[in-house]
Amino acid sequence: MRVKRSAAIACVLITSGCATGPNGQSQSAGDVLKSTFASDDPCSNNARNIGIVAGVVAGGLIGKKVGDNKGVVLGAGVGAFIGGLIGADIDRRRCELSKVAKAHNLDIRMTDIKVPAQAPSGNAVQDAAQDAPKPETAGMSLTVLDRGNNQFASGSATPSPQAEKAFAAIADKYAVAPTGNDPNAVREAKERNKKMRILLVGHTDDMGSSQANADLSEGRARAIAKIFSQHGFGANQIYYQGAGEVYPIADNRTEEGRALNRRVEVVDLSDDAAFSAFLESRRPNVANYRPAAPTTVDTPRIASAPVKKSNDRKTAATASAATPAAPSARPQTASSVDATESKVPPSSITPSQAKREAGTVALGGLDFGGKRINGGAYKTVDIGQPVGGSSVFSLISRAHAADSLPVGSCATDRPRISNRVKSLESGQERKTSDYFPGTASSSWAGKANGHLVGLSGVAVLRDGGQPAGRPAFFIWKDWVDGSNAKPLLKTSGDVNVYRGDKALLYRVFPDEGPVRCVDMAISTSAPNTAPESTLIYEYGKAMYQADYSPVIAR
């Protein structure tokens, strides 16, 4: 009975004629559903209607937990009101933005963003909603494609005069509008405007230097962010990011796909909690990556772009604690892992320093006990199925949700660099200290044919699953446990990170030395171990692949 009552309320709230069309003609159930929830018209009320129904269901369940029919009706009404407000504002914005796009001849894509409901608060009434569907509409992603350098000249971060006008018109449509002239409605709109977060993201194709692409796309995103700050939003509400080539929405192997990947994305979220949830949910669609040619002895090492002011790509902290303290191949308890991670700082060792440390030692003369690779048949790593994704973060653009993880081997990959999310107010990276297990500036080490291979400054933020810095990379020849010997090689490297349900793949490309790349697969069930890892190295004018099982070092 209660379910029927809620359904009836939903029908009353969402219809302006549940079974008749705009001309009074009868409509089938399928037509009603499409026009109500999945209309192709950008000026339809899809988001409002979906928000109302979601609010009705959630609110009705709250009322059910309270314990009477009045509670069901009241809860459904409150839920419908809140869901309808958010949805109606998104519908208004979508409609107005479609008109702006037409007026300025823009090629745009719009996608609603849904994030999980908030965690239990401890309040009995609020926590009763835990039985409700988790995803909630929290904002929208607007992608503005740049076909033919109309927005920015090639290589430039300065928007064209046409682009300035177009993005100013877009920014004008983002302020939450009151539902009427009632003072309460006006006050509600102002409060929602203060809570809103706007993220401008610059994207590129994968041609040229990955770091240069990240820096250029950051400059473009910052330029558009400044336009938004002039149209009703405080600089403390606005963020920008140079994502470069990391989040492609189309196949980079085709010119058509690369054209689609050159774009600016405007993401609006209802509040800071939704903003954090969105950032954590993002992951690249690696199926759209263009594979690199398999690594051979003749493959030139990919040199990183010169280190700039961005903290996320620079080698971090000081060299004094660069060497993992007392390297050990023994697993540790959870408590000792936490203590280690909080104390081990990253390294600032440069390639030139590494060469001086290595001296005249023949770095190519180290055998790590691997198998010779013939015909590019590299062993691939299995990190499982995607995590998060459309089932939890539903309706997030498919650009951020891969159906599979074809991560392959590091030998057929290359560094793909994205700059961090930054605040327009301060120009600094968005502050966060939430890392994936085993990656809070931790040190790792493991033996391969008697040689100890280690990493220091391993850090991966939950904020987008991005590496927080370039780790230090070490090799100790013929390591003896308990030794105080200096490493044969100290250098650093770029990192790609891929997330699966079995493991977090931390893929390192050392700047120099015999090891070309490392696939460290940090186990999700035991995040102080990485038992299925491998390293690719050059030995005797051939490429080899060795198994590698590092653990967090003391």
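**Exercise 1. Strand S5 and its partner**

Val-201 stands opposite Glu-265 in S5; determine in which sense strand S3 and S5 pair, and over how many bridges.

*Solution.* The model is predicted, so local features are considered at pLDDT of at least 70 and side-chain atom pairs at pLDDT 80 or more, whereas totals for chains, interfaces and linings use all residues. Residues are numbered from 1 along each chain as its sequence is written, and side-chain values use heavy atoms, without hydrogens and water.

Step 1. Locate the elements. Strands (E, at least two residues) and helices (H or I, at least four residues) are DSSP runs numbered from the N terminus. Strand S3 covers residues 197-203, and strand S5 covers residues 263-269.

Step 2. Apply the pairing criterion, namely at least two DSSP bridges between two strands. S3 and S5 are joined in the antiparallel sense by seven bridges.

Step 3. Examine the burial of S5. A residue is buried under 20% relative accessible area, exposed over 50%, and partly exposed in between (1.4 Å probe, protein chains only). Seven of the seven residues of S5 are buried.

Step 4. Assign the directions of the side chains. In a regular strand, side chains alternate between the two faces of the sheet. Arg-263, Glu-265, Val-267 and Leu-269 point one way from S5, while Val-264, Val-266 and Asp-268 point the other way.

**Exercise 2. Disulfides**

Determine how many disulfides the structure holds, and which parts of the chain each one links.

*Solution.* 

Step 1. Search for cysteine sulfur atoms within 2.5 Å of each other, the criterion for a disulfide. The structure holds two disulfides.

Step 2. Characterise the pair Cys-43 and Cys-95. Their sulfur atoms are 2.0 Å apart, and the link is right-handed, with 80° about the S-S bond. Distant parts of the chain, 52 residues apart, are linked here: Cys-43 lies in the loop between helix H2 (29-37) and helix H3 (46-66), and Cys-95 lies in helix H4 (residues 69-104). Cys-43 is partly exposed at 33%, whereas Cys-95 is buried at 13%.

Step 3. Characterise the pair Cys-410 and Cys-517. The S to S distance is 2.1 Å. The torsion about the S-S bond is about 70°, so this disulfide is right-handed. Because Cys-410 lies in the loop between S6 and strand S7 (422-423) and Cys-517 lies in strand S13, the pair ties together parts that are 107 residues apart in sequence. Cys-410 and Cys-517 are both buried.

Step 4. With the bonded cysteines numbered in sequence order, the pairing is 1-2, 3-4.

**Exercise 3. Aromatic contacts**

*Solution.* 

Step 1. Rings of Phe, Tyr and Trp (its six-membered ring) pair if their centres lie within 6.5 Å; planes under 30 degrees apart are stacked, over 60 edge-to-face, and the rest tilted.

Step 2. Classify. Tyr-239 is in strand S4 (residues 238-244) and Phe-275 in helix H10 (residues 272-281), so the pair ties together parts 36 residues apart in sequence. Tyr-239 is buried at 11%, and Phe-275 is buried at 0%.

Step 3. Compare with Phe-474 and Trp-476. This pair is stacked, at 5.5 Å centre to centre and 20° between the planes. Phe-474 is buried at 0%, and Trp-476 is buried at 1%.

Step 4. Follow Phe-474 to Lys-490. Their C-alpha atoms are separated by 4.7 Å, although the residues are 16 apart along the chain. Lys-490 belongs to strand S11 (residues 489-499) and is buried at 18%.

Step 5. Look for a cluster. Ring pairs link Phe-368, Tyr-537, Tyr-539 and Tyr-544.
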